[in-house]
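This report covers one protein structure.

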Amino acid sequence: MRNVYFNHDGNVDDLVSLLLLLQMPNVHLLGVGAVGADSYVEPAVSASRKIIDLFGKQKSLAVAKSDSRPVHQFPKEWRLSAFSFDDFPILNEHGAPRTPEADEPAHLDLLNKVQSADGPVTLVMTGPLTDLARALELEPKLADRIERLYWMGGTMNNQGNVAEPEQDGTVEWNAYWDPEAVKTVWDSTIDIVMVGLESTDQVPLTPELRQHWASLRHYPAFDLIGQGYSLVHSFEANSTYYLWDVLTTMVSRYPELVTSKLVHSDVLTQGPGAGRTYLTEDGRPITLVTGVKGNAFFKQIDELAMQATSNFETETK
Ligand code: AGV
Ligand code: CA
């Protein structure tokens, strides 16, 4: 069993990532933290607890609420989807969530769960790096306990996805939310696998994919996945939805689904490029995911979602 800690920020692909993570063989989830970055934190935590109720296999999992705050806030329109997700009937037919909320805020929950684990911990983060940076500031030795960090964020090709004033178009949103946090993590000794926009661009959410999931909605997990993604559409420029976080989560368990290379990189924290990750020979080494084996990736998602059974099935019959 591999110890994994998951920290996410409550958008649709973050919550679908949680669902898939709960199905992965040989994964022991130590904890889950939710940040109100690309979401609002209350529904992000609540939906996470309900997803664990419905599809979680292990006992004693809790969801920690983050009190981290942005440097640059996400657009409200994107953040609102967490409320809708949390209100889905499939997550509410059995009443209030049973999976508890953790006692401590997410950065302390991360710190304590990783430190008290029985071995090294794999970290999967699909939002800003703020909770990890805060934990490292409190306890730099935490880095030694982390086997590897899989992070959805950044881009090394200068094609960002932020369309806001006073930035130069080179920055990815999770990095932009808190550039200093990225720098803190980059300056640590943690082994980093970065899933940035150059790889996530290869897995857009297409009408065919929606139709594929719709055709499988008699499986409860596909029903939830299809409903979830129905909340997000890309009518504006620069807002195509990709399977950003799902790719990252899948890579943490199935590295064979992608190709990657070792690069040296750093991050800007100031000015119109704040949050820009970039290649530089004197930067720190990271593993950059560069290519996705598309067919294998979608097949593996299907396999996990098909075998996800509802924990309430026996209870209601
Ligand atoms: O930049 C990608 C990150 C991922 O962690 N998020 C969405 C994923 O959860 C921000 C984001 C970029 N474009 C978006 C985003 C969009 N069109 N809608 C919602 N979130
Ligand atoms: Ca996210």
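## Cavity

A cavity is a set of points, on a 1 Å grid over the protein atoms alone, where a 1.4 Å probe fits but cannot get out; lining residues have an atom within 4 Å of a point. Grid points are joined across faces, edges and corners, and a volume is the space filled by probe spheres set on the points. The model is predicted: local features need pLDDT of at least 70, side-chain atom pairs count only at pLDDT 80 or more, and totals for chains, interfaces and linings use all residues. Residues are numbered from 1 along each chain as its sequence is written, chains are lettered from A and ligands numbered from 1 in the order in which they are written, and side-chain values use heavy atoms, with hydrogens and water left out.

The whole structure holds one cavity of 30 Å³ or more. About 70 Å³ of space lies in the largest cavity. Its lining is made of Lys50, Asp53, Leu54, Ile90, Leu91, Asn92, Glu93, His94, Gly95 and Phe312. Two or more lining residues come from each of α2 (41-55) and α5 (89-92). Helices (H or I, at least four residues) and strands (E, at least two) are DSSP runs, numbered from the N terminus.

## Asn3 in strand β1

Asn3 sits in strand β1 (residues 2-8). Is Asn3 buried or exposed? Asn3 is buried, because its relative accessibility is 8%. Buried means under 20% relative accessible area, exposed over 50%, and partly exposed in between (1.4 Å probe, protein chains only).

The Asn3 side chain makes a polar contact with the side chain of His28 at 3.2 Å. Such a contact is a pair of N or O atoms within 3.5 Å; within protein, one must be able to donate a hydrogen and the other to accept it, and residues adjacent in sequence count only if both atoms are side-chain atoms.

## Salt bridges

The whole structure has ten salt bridges. Each is a side-chain nitrogen of Lys or Arg within 4 Å of a carboxyl oxygen of Asp or Glu. One of them joins Arg276 and Asp168 (2.6 Å, N to O). Arg276 lies in the loop between β7 (258-267) and β8 (277-279) and Asp168 in the loop between β5 (146-152) and α9 (173-177), so the pair ties together parts 108 residues apart in sequence.

Lys183 forms a salt bridge with Asp187 (3.3 Å). Lys183 also meets Asp266 in a salt bridge (2.9 Å, N to O). Asp266 is in strand β7 and Lys183 in helix α10 (residues 179-186), 83 residues apart. Asp266 is buried at 19%, while Asp187 is exposed at 55%.

Notes. 1 Å grid on protein atoms, 1.4 Å probe; cavity = no way out; pocket = protein on both sides within 12 Å on 5 of 7 lines; lining within 4 Å.
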